[in-house]
Amino acid sequence: MPANLTPQYKQAEERFRAAATHDAKLEALREMLALLPKHKGSEKLYADLKKRLAKLEEEGETHTHAGARHDDPGHVRHEGAGQWALIGPPNAGKSALLAVLTHAHPEVAPYPFTTRVPLAGMMPFEDVQVQLVDTPAVSMQHTEPWLTNLVRNADGVLLVFDPADDAIEEGISAARAQLERARVFPRGAPAADDEHPFTLVRPVHAVLNKLDLDPDGMLRALVRERLDPVWPVHEVSAAHGEGLEALRGALWAGLSRIRIYAKEPGRKADGARPFVLPKGATVHDLANVVHKDIAERLKFARIWGHAAFDGQQVDRHHTLDDRDVVELHA
C-alpha cells in the first residue's frame, strides 16, 4: 500500500535533507512525523522515522553531557521577559537600534551586511528586561539559512526599515519572505484557508528608522502604504533618540505578558524582581512558577492591585493582572 505522502510532508523532508545543524534536522524530522499520513502503508516509514529521531535525540544528549559546544547561530538562548528578533534589509539601522536600546556593542558601519552573526542585548523597560537579537541583513539575493530557526523561535519579530532606502520595496519583500520561510503569521492577521499546521502566530512590528532624515514625513508615509496593515508601525531615530521610549513600551506590550510581585505573609513584596507570566495567567500558574509543591498545596491567595479591595482572598483560578501583588497561602 503506498504511503500517499502530502506536499507538506515532502517539503519537510526537503528541509531535513538540506539541514546543516542538529537542531534543524530534529525540527524537520519531528515535522515529518507529525505530517506523515497514519495508515497501514506508512507503518514501515513511521518506524524508520521514529528510529532516526531517537538516534538524533540521543546524539544531542551525548553532546550536552560531554560538554561539547553546539554552535548553532540559529539558536539564541532566551533571557529576560521575552525575545524579539530584529530583521531587515541592509543598512536599515538594526545594529544602531540594538546599541541604543541595550548595552550591547554591535559593529555599526555605513556599509551593508556588517552583522554576520546574531548578537543579543537586554533592553530595560521599567522593572523588566526584554531581549533583542540583531541578525544579518535579509535580501532577495541572500539570507542566512539558519535565520529561519531564529525567527521561528523568537517571541516576536521586529522588522526594521530605512524609508529613504532606494530599494525599500525589495527590502519589504525580503522581510515578508523571511516570515513565510519561518512560518510566522503576524498576530491580528486573518487566518488563511491553507494555513500550514506548523504556522506560529507571533507579534510582528515594523520600525521606520532614521526619521531625522525625513523631516516632512513624506517618505515614511509612502512606506506605510507598502507595509502589511496588521503590522504596528513605530517611527524612530536610533541616531537622535526620537520615538525610542515609546518603542520600549510597545515591545513590552507586544509580548502580551504581565508582571506579578509575590510576597510572604507579613513581609513586603520584592518590587524589583517580578515574575513574568503570560496574560490570562492565574494564581495557580504563579504558584507553579514559584514552586510546584506550593501549587499542589495551595489553599488560597490574597491580592493587592486589581482586586476588589486590598488583600482580597481569591482561589487558585483567579486571573491575575499586570503588577498585581500576590500572597500565596499553602
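Here is a walk through the fold, from the whole chain down to a few single residues.

Before we start, keep in mind that this is a predicted model, where local features need pLDDT of at least 70 and side-chain atom pairs count only at pLDDT 80 or more, while totals for chains, interfaces and linings use all residues. Residues are numbered from 1 along each chain as its sequence is written, and side-chain values use heavy atoms, with hydrogens and water left out.

Let's take the whole chain to begin with. The C-alpha trace spans about 65 × 60 × 45 Å along its principal axes. Of the 330 residues, 45% count as buried, where buried means under 20% relative accessible area, exposed means over 50%, and partly exposed is in between (1.4 Å probe, protein chains only). How do the contacts run along the sequence? Among contacts between residues at least 6 apart in sequence, 63% join residues at least 24 apart; a contact means heavy atoms within 4.5 Å.

Now look for the open sheet. It has six strands in the order 2-3-1-4-7-8, with mixed pairing. Two strands pair if DSSP finds at least two bridges between them. In general, strands of a sheet pair through backbone hydrogen bonds, either parallel or antiparallel. Strand 2 (119–125) and strand 8 stand at the edges with a single partner strand each, so one side of each has no neighbour in the sheet. From one strand to the next, the twist averages 25 degrees.

You can follow two of the pairings by eye. Strand 1 (residues 83–87) and strand 4 (residues 156–161) pair in the parallel sense over four bridges, and here I87 stands opposite L159 in strand 4. Helix 8 packs on this sheet, touching strand 1, strand 2, strand 3 (128–134), strand 4, strand 7 (204–208) and strand 8. The direction of helix 8 makes about 100 degrees with that of strand 2; axes are lines fitted to C-alpha atoms, for helices over the stretch in contact, and angles run from 0 to 180 degrees between N-to-C directions.

Five of its seven residues are buried, so strand 9 is largely enclosed by the rest of the structure. Strand 9 pairs with strand 10 (residues 275–278) in the antiparallel sense over four bridges, and R259 stands opposite V276 in strand 10. Strand 9 also pairs with strand 13 (residues 324–329), in the parallel sense and over four bridges; there, Y261 stands opposite V325.

What about pockets? The largest pocket has a volume of about 530 Å³. On a 1 Å grid over the protein atoms alone, a pocket is an open set of points with protein on both sides within 12 Å along at least five of seven lines, and lining residues have an atom within 4 Å of a point. Grid points are joined across faces, edges and corners, and the volume is the space filled by probe spheres set on the points. The lining has 18 residues, and R15, A24, P145, T148 and N149 lie nearest the centre. Helix 1 (7–18), helix 2 (22–35), helix 5 (147–153) and helix 6 (168–182) are the elements that give two or more residues to this lining. Which helix gives the most? That's helix 2, with four residues.

S237 sits in the loop between strand 8 (233–235) and helix 8 (244–254). Is S237 buried or exposed? It counts as buried, because its relative accessibility is 0%. Leaving aside neighbours within four places in sequence, S237 is in contact with N209, K210, L211, D212, E242 and L244. T21 lies in the loop between helix 1 and helix 2, and its 18% relative accessibility makes T21 buried. Y46, in helix 3 (residues 43–65), counts as partly exposed at 33%. Beyond its neighbours within four places in sequence, Y46 is in contact with L33, L36 and K38.

Technical notes
On a 1 Å grid over the protein atoms alone, a cavity is a set of points where a 1.4 Å probe fits but cannot get out, and a pocket is an open set with protein on both sides within 12 Å along at least five of seven lines; lining residues have an atom within 4 Å of a point.
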